[in-house]
Amino acid sequence: MKARITKIINETPYTKTFRLKLDKSITYKPGQFITVISKKDGVVIRRAYSISNWFKQPTEEITITLNEVPNGKMSCFLFCKNINDTIDIEGPFGLFTLKETQNPVVFIAAGTGITPLMTMMQSLKDKDITLIYSVKKQEDILFRDKLELLNINKIITLTQEKWNGQTGRISKGMILKNIKLNSDFYICGLPEFVKSVVSHLEELNVPKENVHVERW
């Protein structure tokens with residue numbers, strides 16, 4: 001599938017959102033991802049990126065949001081692209097999607113782990129929703145404007161900078177203070193982060209079937 005870049009948004013000093021116009025309509029579930037394909041020196045490179053905005057379905061538009069990784073083959077490829085450039089993609093894919101529930105819903109993320117959770121939060125209506133989001137510094141907070149528009153309980157914690165909000169890594173105490181234990185949990189981030197949060201939830205006796213994870 002061909003996708004034309006229609007907009008590039010500088011989210012943070014190291015993170016961009018690419019808005020893509022597809023050559024055909026697709027239907028995706030909140031939390032799913034697409035695969036971007038490129039070729040360098042005769043070698044095909046594939047990388048998965050979560051869809052980072054919820055559009056009315058079916059849609060011919062999606063967004064992906066990613067960090068520039070030093071020497072990263074795909075991120076460097078995308079960060080060199082301009083408006084109206086075309087890229088190849090496949091998808092959507094992925095099983096990290098919302099489950100039907102009457103429970104409150106809690107989203108826990110670090111860094112760009114918020115990207116699949118953003119589509120979930122945008123798509124939910126009339127739900128008791130809490131977001132606990134960890135980043136290093138204020139400049140690293142993704143989707144600040146979009147988060148302001150969401151009618152949810154937001155806890156943003158900084159791990160490497162002081163400010164007038166929450167600071168420190170996400171702990172069992174922080175989780176317990178801000179959520180209801182009968183919630184459904186969606187967690188996304190690097191493997192060690194996900195492992196730590198799942199461990200906290202296990203110690204709080206949250207049923208395993210209520211915990212849904214995506215590791216990057």
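This is a predicted model: local features need pLDDT of at least 70, side-chain atom pairs count only at pLDDT 80 or more; totals for chains, interfaces and linings use all residues.

Numbering runs from 1 along each chain as its sequence is written, and side-chain values use heavy atoms, with hydrogens and water left out.

Start with Q32, in the loop between β2 (15-26) and β3 (33-40); strands are DSSP E runs of at least two residues and helices H or I runs of at least four, numbered from the N terminus. Q32 is buried, at 11% relative accessible area, where buried means under 20% with a 1.4 Å probe, protein chains only. Its side chain reaches the backbone nitrogen of K29 at 2.9 Å. Beyond neighbours within four places in sequence, Q32 is in contact (heavy atoms within 4.5 Å) with residues including S50, P92 and F96.

T17 sits in strand β2 and is buried at 2%. The T17 side chain makes a polar contact with the side chain of E11, at 2.7 Å; that term is a pair of N or O atoms within 3.5 Å, one able to donate a hydrogen and the other to accept it, and residues adjacent in sequence count only if both atoms are side-chain atoms.

Now the cores: sets of buried Ala, Val, Leu, Ile, Met, Phe, Trp, Tyr and Cys residues joined through side-chain atoms within 4.5 Å. The largest has 24 residues, and F107, M121 and Y133 are among those touching the most other members. Helix α2 gives the most to this core, five residues. Apart from this core lies another, of 21 residues, including L20 and I45.

Definitions and conventions
Buried means under 20% relative accessible area, exposed over 50%, partly exposed in between (1.4 Å probe, protein chains only).
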